[in-house]
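Visitor: Hi! I have a protein model open here and would like to talk it through with you. Can we look at it together?
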Amino acid sequence: MSSTDLPSVPPATVLPKVAAVKVAEGERLRTVHLPGVTLTVRSRPPARDGLPPALYVHGLGGSSQNWSALMPLLADTVDGEAVDLPGFGDSPPPDDGDYSVTGHARAVIRYLDAAGRGPVHLFGNSLGGAVTTRVAAARPDLVRTLTLVSPALPELRVQRSAVPTGLLAVPGVARLFTRYTQEWTAEQRVRGVTALCYGDPAQVSEEGFRNAVEEMERRLQLPYFWDAMARSARGIVNAYTLGGQHGLWRQAGRVLAPTLLVYGGRDQLVGYRMAQRAARAFRGSRLLTLPDAGHVAMMEYPQTVATAFRELLADTERFASDGRPAADEATDRTTGIGG
């Protein structure tokens with residue numbers, strides 16, 4: 001191992017005990033053991049039996065908790081589950097240490113195959129957007145619709161505010177950052193993340209902020225925390241450089257599922273200017289742009305995102321019954337109103 005590599009972490013069987021993960025009222029967590037990976041899955045009972053299944057996939061540094069605001073709003077529409085990607089939330093690292101976009105996509109596919117819930121309405125944010133794009137392109141049989149919130153798709157001109165996150169991918173930087181910030185409190189870290197990810201950090205409630213601080217304190221006790229962050233960031237950068245059939249934009253063009261794209265005008269991590277390119281790349285997609293939203297619209301404006309998904313679902317079902325494609329061209333909808 002070179003001096004710039006992150007240290008190895010102990011296997012999941014000998015990881016230290018840390019505080020329990022926060023579970024909102026009505027939610028439940030369960031652990032799913034799969035070949036090469038163990039995943040924690042967050043769910044809540046659907047409003048009634050027989051609803052179509054949905055799976056939510058979080059972004060870099062996030063967890064299944066990122067969907068806790070949206071999931072109850074759609075509980076009358078889908079039977080939803082949110083997964084903690086390997087090394088995030090309450091899921092331990094993957095056995096092979098593969099944090100690439102493909103590695104995360106493989107974990108999602110393994111879960112869907114094992115659960116037998118597909119095809120699902122698949123949601124992805126940021127890194128999760130890149131992961132779910134790859135899943136939808138590789139396994140169209142598993143995906144009914146695709147909803148992408150600020151997906152981490154390749155940009156030629158990356159925003160300056162996104163550079164520090166990208167630098168985590170550089171060998172040695174995570175170690176240096178850990179040393180530099182070792183005196184930072186969990187509260188300071190959460191304020192920094194909130195300022196980066198929210199269009200208006202003041203929207204975060206006091207309770208939400210306290211919960212985020214508790215979760216940050218828990219994660220900082222995990223010996224693989226920075227390893228998972230750095231290697232996943234490296235996975236995004238590597239995915240950006242792939243060309244040919246494995247390129248994410250090429251795979252976006254191969255997605256068959258009706259797609260909803262959600263972009264925030266104040267997003268500091270994914271360029272708002274990428275919205276139109278994404279709308280062109282995903283065939284028959286519909287675009288929701290929220291000028292006041294940041295990187296996590298499903299947390300900032302969950303009602304608006306829920307409404308847009310219901311419209312996508314209604315149109316998909318109507319066109320399917322008519323025997324026609326869900327859409328002939330991209331639909332663009334811009335709103336400055338949150339929900």
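Visitor: Where is N238 found?
Guide: N238 sits in helix 7, which covers residues 225–241. Keep in mind that this is a predicted model.

Visitor: Is N238 buried, exposed or partly exposed?
Guide: N238 is partly exposed, because its relative accessible area is 44%, and the range for that class lies between 20% and 50%.

Visitor: How far apart are N238 and V101 in sequence, and how far in space?
Guide: In sequence N238 and V101 are 137 residues apart, while their C-alpha atoms are 8.6 Å apart in space.

Visitor: And which residues of helix 7 are buried?
Guide: The buried ones are F225, W226, D227, A228, M229, A230, S232, A233, G235, I236 and A239.

Visitor: What span should helix 7 have, and what do its end C-alpha atoms give?
Guide: Helix 7 has 17 residues, so at 1.5 Å a residue it should span 24 Å. Its end C-alpha atoms are 25 Å apart, which agrees.

Visitor: Let's switch to helix packing. At what angle do helix 5 and helix 6 pack?
Guide: About 115 degrees, and their axes are 9 Å apart. Helix 5 is residues 186–197 and helix 6 is residues 206–220. Their crossing is right-handed.

Visitor: Which residues meet there?
Guide: From helix 5 you have A186, E187, R189, V190 and R191. They meet F209, A212, V213, M216, E217 and L220 of helix 6. By type, the residues of this contact are seven nonpolar, four charged and no polar.

Visitor: Are E215 and R218 buried or exposed?
Guide: E215 counts as buried because its relative accessibility is 8%. R218 is buried too, with a relative accessible area of 2%.

Visitor: How many salt bridges does the count come to?
Guide: The count comes to 17 salt bridges. One of them is between R139 and D113, where the closest N and O atoms are 3.0 Å apart. That pair links distant parts of the chain, 26 residues apart. R139 is in the loop between helix 2 (127–138) and strand 6 (143–149), and D113 is in helix 1 (residues 101–115).

Visitor: How accessible are R139 and D113?
Guide: R139 is partly exposed at 23% relative accessible area, and D113 counts as partly exposed at 42%.

Visitor: What about E155 and R273, how do their side chains meet?
Guide: They meet in a salt bridge, 3.3 Å from N to O.

Visitor: New topic: backbone. What kind of peptide bond joins G118 and P119?
Guide: A cis peptide bond, with omega about 0 degrees. P119 is in the loop between helix 1 and strand 5 (120–125). For context, most peptide bonds are trans, and most residues other than glycine have a negative phi.

Visitor: What is phi for S126 and S150, then?
Guide: Phi of S126 is near 60 degrees, and phi of S150 is near 45 degrees. Each is a positive value in a residue other than glycine.

Visitor: Where are they, and are they buried or exposed?
Guide: S126 is in the loop between strand 5 and helix 2, and it is buried, with a relative accessible area of 10%. S150 is in the loop between strand 6 and helix 3, and it counts as buried at 1% relative accessibility.

Visitor: Let's zoom out. How many helices and strands does the protein have?
Guide: Eleven helices and nine strands. Of the 339 residues in the protein, 52% are buried.

Key:
Residues are numbered from 1 along each chain as its sequence is written. This is a predicted model: local features need pLDDT of at least 70, side-chain atom pairs count only at pLDDT 80 or more; totals for chains, interfaces and linings use all residues. Side-chain values use heavy atoms; hydrogens and water are left out. Axes are lines fitted to C-alpha atoms, for helices over the stretch in contact, and angles run from 0 to 180 degrees between N-to-C directions. Helices (H or I, at least four residues) and strands (E, at least two) are DSSP runs, numbered from the N terminus. A crossing is left-handed if the near helix is turned anticlockwise from the far one by less than a right angle, and right-handed if clockwise. Contact means heavy atoms within 4.5 Å. Ala, Val, Leu, Ile, Met, Phe, Trp, Tyr, Cys and Pro count as nonpolar, Asp, Glu, Lys and Arg as charged, and the others, Gly among them, as polar. Buried means under 20% relative accessible area, exposed over 50%, partly exposed in between (1.4 Å probe, protein chains only). The expected span of a helix is 1.5 Å times one less than its number of residues. A salt bridge is a side-chain nitrogen of Lys or Arg within 4 Å of a carboxyl oxygen of Asp or Glu.
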